[in-house]
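The following note sets out points for a colleague to consider while viewing the structure. Each point may be read against the coordinates on its own.

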Amino acid sequence: MINLGYACINMSLSSGSKKSRVTTNRGMIKRTFLEKGEVYASELALQNLRDLLTILKWNRDNGISFFRMSSDIFPWASEYNIDELPNYELLLDAAQKAGRFALSNNMRLTSHPGPFNKLCSYKEGVVSNTIKDLEIHGKLFDMMGLSRTPFNKINIHVGAAYDSKKDALGSFCRNFDRLSDAVKSRLTVENDDRPSLYSTHELYDGVYKDLSIPIVFDYHHHKFRNDGESEQEALELASETWGDIKQVVHYSESKRYECNDLSIKENAHSDYVYEKLNAYSRELDVMIEAKAKEKALLKYRTIHFQSEV
């Protein structure tokens, strides 16, 4: 049995006019932030949180119980303290409503902060910015009342290898200790899609054995970075890291083959996904990372899993 999810944007709700669209990605350029400041940022954040609830209701009505939240709910969040925003009580109320709805409907909410997050960096500025960004995610999850467990995961990549993978992984693990419990308790790490970066096996040996944080297995990435182990072997190795929390995996396919265009990078994600994922008899929460978002999920479910969802 697998449970399907999608990431960040609901295309069915976000189309149409700027006034009517439902989105959690309202933001602004730096110049606008400098002109309008925290008051405007908090207004946009409130709209984003209210629309998050609308998206969750749509998900419930369409039988979807797994959703990755946007990392852009709070515009320019690195420039202020969320709990000092002028309408913080309204923000907290909106966040709590979304969180309560998710909990009451058995929904799993997660996040995937961007690739600029590098806990492994040797540069203090990069690590400090990474910690700041991860703490913003932890703060939002706490505001929503989500569990401090990997059920509500905050997922990242190690980020880089530099001149030594061993040293970079050591730096990642040391800097992990600088995170708050709001982040530590939820953090997961994902295998990469480039030969120079990290396989599932390397993450198991270099991160899990030290920190005991789960590994999110990405099927598509495994095709491009592995240590000779099969897809099933890598999936099962990642499964060992989840304990009693249901395992999360990522699934996507190549846009090169979807478009039959060899000029497209092979690791680029397709708009839709077509091949049936092999769960190898495991219970999985599957995040579909396709450009068509919930439309890709619904199409995939219709093709393969209508009777299982």
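**Notes on packing, cavities and backbone**

1. A search of the whole structure, which is a predicted model, finds one cavity of 30 Å³ or more. The space in the largest cavity comes to about 60 Å³. Its lining consists of Ser70, Ser71, Asp72, Ile73, Phe74, Ile136, His137 and Leu140. Phe74, named in this lining, is also among the residues with the most contacts inside the largest nonpolar core.

2. The largest pocket holds about 1200 Å³ of space. It is lined by 40 residues, and those closest to its centre are His112, Pro113, Gly114, Pro115 and Phe116. Helix α4 (residues 124-144) makes the greatest contribution to the lining of this pocket, with seven residues.

3. In soluble globular proteins, nonpolar side chains tend to be buried together. Here the largest nonpolar core has 89 residues, and Phe74, Phe172 and Leu187 have the most contacts inside it. Helix α2 gives the most to this core, with eleven residues. A second, separate core comprises eight residues, including Cys8, Phe66, Trp242 and Ile245.

4. Which residues does Leu187 touch, not counting residues up to four places away in sequence? They are Leu119, Leu134, Ile154, Ile156, Phe172, Phe176, Leu179, Ile213 and Pro214.

5. Leu53 is found in helix α2. Its relative accessibility is 17%, and Leu53 therefore counts as buried, the cut-off being under 20%. Apart from its neighbours within four places in sequence, Leu53 is in contact with Lys97, Ala98 and Phe101. Between Leu53 and Phe224 there are 37 Å in space, C-alpha to C-alpha, and the two are 171 residues apart in sequence.

6. The structure holds eight aromatic pairs. One of them joins Phe33 and Tyr80, a tilted pair with 6.2 Å centre to centre and 40 degrees between the planes. Why does this pair tie together parts that are 47 residues apart in sequence? Phe33 lies in helix α2 (residues 30-61), whereas Tyr80 lies in the loop between β2 (66-68) and α3 (88-104). Phe33 counts as buried, at 8% relative accessibility; for Tyr80 the value is 8% and this residue counts as buried.

7. Phe217, Tyr219, Tyr251 and Tyr300 form one aromatic cluster. The charged end of Lys36 is placed over the ring of Tyr40, 4.4 Å from the ring centre. In the case of Lys165, the charged end sits over the ring of Tyr198, 5.3 Å from its centre.

8. Helix α7 (200-211) has Thr200, Glu202, Leu203, Tyr204, Gly206, Val207, Tyr208 and Leu211 as buried residues. The elements that cover them include α5 (165-176), β5 (187-190), β6 and α9. Just after α7, Ser212 adopts a positive phi of about 60 degrees.

9. In helix α9 (residues 231-239), the buried residues are Ala234, Leu235, Leu237, Ala238 and Ser239. Their cover includes α7, β6 (215-218), α8 (219-222), β7 (247-251) and β8 (284-288).

10. Trp76 has a phi near 55 degrees, a positive value in a residue other than glycine. Trp76 is found in the loop between β2 and α3 and, at 29% relative accessibility, counts as partly exposed. For Asn106 phi is likewise near 55 degrees, a positive value in a residue other than glycine. Asn106 occupies the loop between α3 and β3 (108-110). Is Asn106 buried or exposed? With 64% relative accessibility, Asn106 counts as exposed.

Conventions: Residues numbered from 1 in each chain as written. Predicted model: local features only at pLDDT ≥ 70, side-chain atom pairs only at ≥ 80, totals over all residues. Heavy atoms only, no water. Phe/Tyr/Trp six-rings, centres within 6.5 Å; stacked < 30°, edge-to-face > 60°. Helix = DSSP H or I, 4+ residues; strand = E, 2+ residues; numbered from the N terminus. Buried < 20%, exposed > 50% of the residue type's maximum accessible area, 1.4 Å probe, protein only. Lys NZ or Arg CZ within 6 Å of the ring centre and 35° of its normal. Core = buried A, V, L, I, M, F, W, Y, C linked by side-chain atoms within 4.5 Å. Contact = heavy atoms within 4.5 Å. 1 Å grid on protein atoms, 1.4 Å probe; cavity = no way out; pocket = protein on both sides within 12 Å on 5 of 7 lines; lining within 4 Å. Points joined across faces, edges and corners; volume = space filled by probe spheres on them.
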